[in-house]
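This report describes a sheet, a helix packed on that sheet, and a pocket.

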Amino acid sequence: MAPDGGDRYTIPMLNRRTLIASALAAPAAAQVDLGFADNGLRPTTRAFPQKGEMILQRATPPLLETPISVFDAHDFTPNDRFYVRWHYPFPTEIDPAKHRLRIAGHVGKPLNLSLADLAKLPRVAIAAVNQCAGNGRGLFNPRMAGAQWGNGAMGNALWEGVRLKDVLALAGVNPGAVAVRFGGLDTPLVEAAPDFEKSLPIDHALTDDVLIAWGMNGQPLPLLNGFPLRLVVPGWYSTYWVKMLDHIEVLDKADEGFWMAKAYLQPANALADIKPGAPAGPRVPVTNMRPRAVITNIADNAKLPPRGFTPVQGVALGGDQGLKTVELSADGGRSWVPAQLGPDHGRYSFRRFRGALALPLGKHIIMARATNSAGVSQPLTQNWNPSGYNRAGVDPVRVEIA
């Protein structure tokens, strides 16, 4: 795949007016219940370009959630079912041959790179989970403001592109650099609002795993997932994975912009946890993900027929480390049985798991717990914070065998 503006990058685009009109006018394909304590029903839609049936959280700018059933069938989340999250409106028609990536700031040589220029650098691919920091926010109790996601604001893909450090080497990072800031083509609704820009510490930006990607699962990035370029920061939440990337600035001081200094902050403890109503206390930026396991073949409050063993399967991630184990329990965590893990696609990827539990007639609560290679496990009790970030605990699934 070559990001050279040729036929392989010809993608049907809609102008913004058509995109929004089609999304609002198209009838819902169905409704799903995301399992919230209240108001968990959401419509599904097929109205968005390059997307199949998605859970509609918001039409404009679009918030589209992946149905859990999609994870049950794939190691890599199909591009047309991959979740979508935008803060601001964005262009709905982009000519990749004209797109440029500007590199400026604390560098020896400012650059203006085309996709063809980027293609001359060594190409790499990495499997990584992209997950919204607010994934699962609608499941917190008590609820808080923000996008009321179920557990489908995530996806796993094989990302293809070039290393960020190789691009920065072309410009020459000057001594004293502290951070690297990234921005895209999305623009605020009102003039006074801050541009959506995120930054990485310079040491993290220069690691091998951070990419500027043009490809996703062997195809060009879909428009709604950041075409023609996006940042890929494996192991960190997607707020840093800037979409429609068009400018990079190397900084010689800490980034004090709104989206770093005031937004996407969480309590300054490992679980991002405080008691509801308690003072927020010190806060730090949301960064690395924690291990999570999500059961995908059994819906919450499902009624299942009796059988010798009830199959349980799902997807799990290790966060910023490799996934080591997934364990299953049906007795409140007093005992656990290991699940079998599927193929290992790398440190930052989903791994599917499957196991079986002996469940007699009656009601049960099934739990799946992930542990990563650093020994970090999901706690049995759920964390909470007023922003709904970094959901860390085990998500119980209630079933009745009848």
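## The open sheet

Five strands make up an open sheet of mixed pairing, in the order β7-β6-β15-β10-β11. β7 (111-114) and β11 (197-201) are the edge strands; each has a single partner, so one side of each lacks a neighbour in the sheet. From one strand to the next, the twist averages 20°. Strands here are DSSP runs of E of at least two residues, helices are runs of H or I of at least four, and both are numbered from the N terminus. Two strands pair if DSSP finds at least two bridges between them.

The model is predicted: local features need pLDDT of at least 70 and side-chain atom pairs pLDDT 80 or more, whereas totals for chains, interfaces and linings use all residues. Residues are numbered from 1 along each chain as its sequence is written, and side-chain values use heavy atoms, without hydrogens and water.

## Pairing and the helix

Strands β6 (residues 100-105) and β15 (residues 245-251) run parallel to each other, joined over 4 bridges. A104 has E249 of β15 as its bridge partner.

Helix α4 (residues 164-171) lies across β6, β7, β10 (179-184) and β15, at about 135° to β7. Contact means heavy atoms within 4.5 Å; angles run from 0 to 180 degrees between N-to-C directions of axes fitted to C-alpha atoms, for helices over the stretch in contact.

## The largest pocket

The lining of the largest pocket comprises 38 residues, with L34, G35, L139, N151 and D300 nearest its centre. At least two lining residues come from each of β1 (31-33), α2 (68-71), β18 (292-295), β25 (362-372) and β26 (397-401). A pocket is an open set of points on a 1 Å grid over the protein atoms alone where a 1.4 Å probe fits, with protein on both sides within 12 Å along at least five of seven lines; lining residues have an atom within 4 Å of a point.
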